[in-house]
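Visitor: I am new to this structure. Please take one part and walk me through it closely.

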Amino acid sequence: MPRTEQPLSTWVQSTLAIFRKDLKSELRTRYAISALIMFVITTIAIILFSLGSESAPADALSGMLWVVVFFASMSGLSRTFVTEEERGTAMTLQLMATPSAVLFGKLLFNLVLTLGLNVMTVILYSAFINGFVVRTYSIFVITIGLGSIGLAAAATIIAAIIARANTKGTLYPVLSFPILLPLLLTVINATRLSTEGAFLEEAYGEFQILVSYIVVVVAVSYLLFDYIWKD
Amino acid sequence: MTLRIVLGVWMVAVIVLGISLPMVDNPQHWYELPLIPALGERARIMFFHVPTAWLSVLAFVSSMIYGIKYLRKKNPDDDIKSASAAGLGFIFCVLATVTGALWAKFSWGTYWNWDPRQTSIFVLLLIYGAYFALRSAIDVEEKRATLAAVYSIIAAVVMPFFMFIMPRILESLHPSPILSVSKEQGSMAPNMRVLFFASLAGFTGLYYWMWNLHVRASRLEFHRSMKAGG
Amino acid sequence: MHNLELHVTKLKKTFNRRVIFRDISFTICSGQTLLITGRNGSGKSTLVKIISNILTPTEGTVEFVSPSGPCPVLPQSLIGMVSPYLQLYEEFSARENLQLALAIRGMVPNESAIDSLLERLSLRARMDDHVQTFSSGMKQRAKLAMAMIHQPPILILDEPMSNLDEDGIRSVREIMAQHKTNGLLVVATNDLTDLDSFDIQVDLNAPH
């Protein structure tokens, strides 16, 4: 398959055009955003009710935060590719843009969506779940940041894959979970460290893993996207 | 023909010896295996568990390599080989997970411990499951082969992270169960080692034979439907 | 872009073990018209998709050649296409769709060009309404605008007259005539009255 080259400035413009299109479309229809917000609120409420007046150990609370984040992502991050297929605009996009511009444009969109969603989730979670107290803010903030980027990266490439399949909804978590598991284990561990008041240096190992995960996933996505996107 | 017979005899020998060779405290003769204190007779599972785990990884790598070949040449035969390898790998992975859980029960008292090896084999099982779920969700053959290959590459690339992550998680989450020495092959008596590697070779041969059979059968089915449809 | 040539060599496409077509070869140059005919299911749209770089062929090549060698411009900028299966973004207006068509190709959105094109296709009055509210005839004209806004040297029209009334059909004929003077025109249709003339025909009804 020939790799089509274009000048970098054109590519950047193209990528941003796709990102802006997705953003504008989402703000206009607001399908994903409202569903996601309700999802997060409902899930945190369920956790609250099931905990009752008990408090769970810090380990478990760190894990549960990322469970909420994972499932919220599963609800929202496939939209960017799936809607193109559903509305029949996928071919239009194929005609107008180079594959890598599509990948990075949608990756950017998912990144913004994930960051926004995670910040909201973290705020609600910290506010309402007793026993979840962040002691080392630096670790926590960096973890949320890197974790969101990694999540968006992996979720985007998997979304591209399932958009071409039939049973998109149920397939998405099934394919995503094994790929996201290293990320999830690492961020849960780092979150736990932040609640225990560990020093920033203690989390360096986790940060290294997160950064290499992001690099690897983005690189593999770029190399393989042509095969996924082009029929 | 000969391969089938040799393989059959070999495996029968391995299985019979694995089950019946006596395990004694002080092995004097070549046919006596050393008795491992904590495990006793249950150590025999090692002859069968480790090869299945080894094969489930080998099959996955094989499936991925044929997947990469398919992406480059678009030859349907490569996809047949890839899918056949994955199918067998899945079966062996299930066997490895189950025998591993049995081993865990013997060694540490519970079927599941979330130690690195058990978690890894479980994740491999999830990946196999995801692979087949993906395949069954695509009607168009060319697309099915392409996306399956892509997914197996992504999964293979992400798997190594577990090697770095597991130690960190382990030392922080809970005190690791005392990993029994017999899980490592380092201190195996010579005759046990021979039997072990014989079992490994036998299982690998078995895998190759089954894979070959499955590929040939799939090819026939492929050509039959080509004649009927094209 | 002058003197652009489209070289198609030994094109073959199989789909789920069924051969759609094979051994399709032709060359057309700027100023020429290619007509693709064939009954429903013969692979007309498949061939069109392969030429426009949306679909990869099982065998064979599609090359765009300029006088100085292989064309350096990407297919995305070279080609404008109208077809029943290429949809517009319905939650955007006609104007926004055209802006997108330019921005995605790295071109500066030229408001006056957009205005005049929509005027020409009788869509200017509704240019800021969401495409969702358009009639099928208007959508077809909007698709035409999408195909032309970036002034591509190659125009590919798959069933161009569908959903159009007399005025619309006349507009399309004008557009085709104008494009032929300088560019490559590819038309896929079963209705030969769509075209005044053509230079090369590929008939997918013929046994391959």
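How much area do chain B and chain A bury between them, and what share of it is on carbon and sulfur atoms?

Guide: This is a predicted model, where local features need pLDDT of at least 70, side-chain atom pairs count only at pLDDT 80 or more, and totals for chains, interfaces and linings use all residues. Residues are numbered from 1 along each chain as its sequence is written, chains are lettered from A and ligands numbered from 1 in the order written, and side-chain values use heavy atoms, with hydrogens and water left out.

Now your question. Chain B and chain A bury about 2,800 Å² between them. Carbon and sulfur atoms carry 78% of that area. Buried area is the accessible area (1.4 Å probe) that two parts lose on being put together, summed over both. On the chain B side, three residues lose the most area to chain A: B:I154, B:F161 and B:R168. Together they make up 21% of what that side buries.

Next, who takes part? Chain B brings 30 residues to the contact, and chain A brings 34 residues. Contact means heavy atoms within 4.5 Å. Between chain B and chain A there is 1 salt bridge (a side-chain nitrogen of Lys or Arg within 4 Å of a carboxyl oxygen of Asp or Glu). B:K143 makes a salt bridge with A:D231. Their closest N and O atoms are 3.2 Å apart. Chain B and chain A also have 7 residue pairs in polar contact, both residues at pLDDT 80 or more. A polar contact is a pair of N or O atoms within 3.5 Å; within protein, one must be able to donate a hydrogen and the other to accept it, and residues adjacent in sequence count only if both atoms are side-chain atoms.

Which elements of chain B touch chain A? α4 (116–136), α5 (141–158) and α6 (160–173) of chain B each supply at least two residues to that side. α5(B) gives the most, with 10 residues. Helices (H or I, at least four residues) and strands (E, at least two) are DSSP runs, numbered from the N terminus. By class, this side of chain B has 24 nonpolar, 2 polar and 4 charged residues. Ala, Val, Leu, Ile, Met, Phe, Trp, Tyr, Cys and Pro count as nonpolar, Asp, Glu, Lys and Arg as charged, and the others, Gly among them, as polar.

Step back to chain B as a whole. Chain B has 7 helices and 2 strands. Along the sequence they follow the pattern α-β-β-α-α-α-α-α-α. Of the 230 residues in chain B, 48% are buried. Buried means under 20% relative accessible area, exposed over 50%, partly exposed in between (1.4 Å probe, protein chains only). Take the contacts in chain B between residues at least 6 apart in sequence: 73% of these join residues at least 24 apart.

One residue of chain B deserves a visit. B:T99 sits in helix α3 (residues 76–108) of chain B. B:T99 is buried, at a relative accessible area of 16%. The side chain of B:T99 meets the side chain of B:H49 in a polar contact of 2.8 Å. The side chain of B:T99 also reaches the backbone oxygen of B:L95, at 2.8 Å. Setting aside neighbours within four places in sequence, B:T99 touches B:I45, B:H49 and B:T52.

Chain A meets chain C as well. That contact takes 29 residues from chain C and 28 residues from chain A. About 2,600 Å² is buried between chain C and chain A, with carbon and sulfur atoms giving 62%. There are 3 salt bridges between chain C and chain A. C:E96 forms a salt bridge with A:R28, with the closest N and O atoms 2.7 Å apart. The interface of chain C and chain A also has 11 residue pairs in polar contact, both at pLDDT 80 or more. On chain C, α2 (75–78), β6 (79–82) and α3 (94–104) each supply at least two residues of the side that touches chain A. α3(C) gives the most to that side, with 5 residues. The residues of that side divide into 17 nonpolar, 8 polar and 4 charged.
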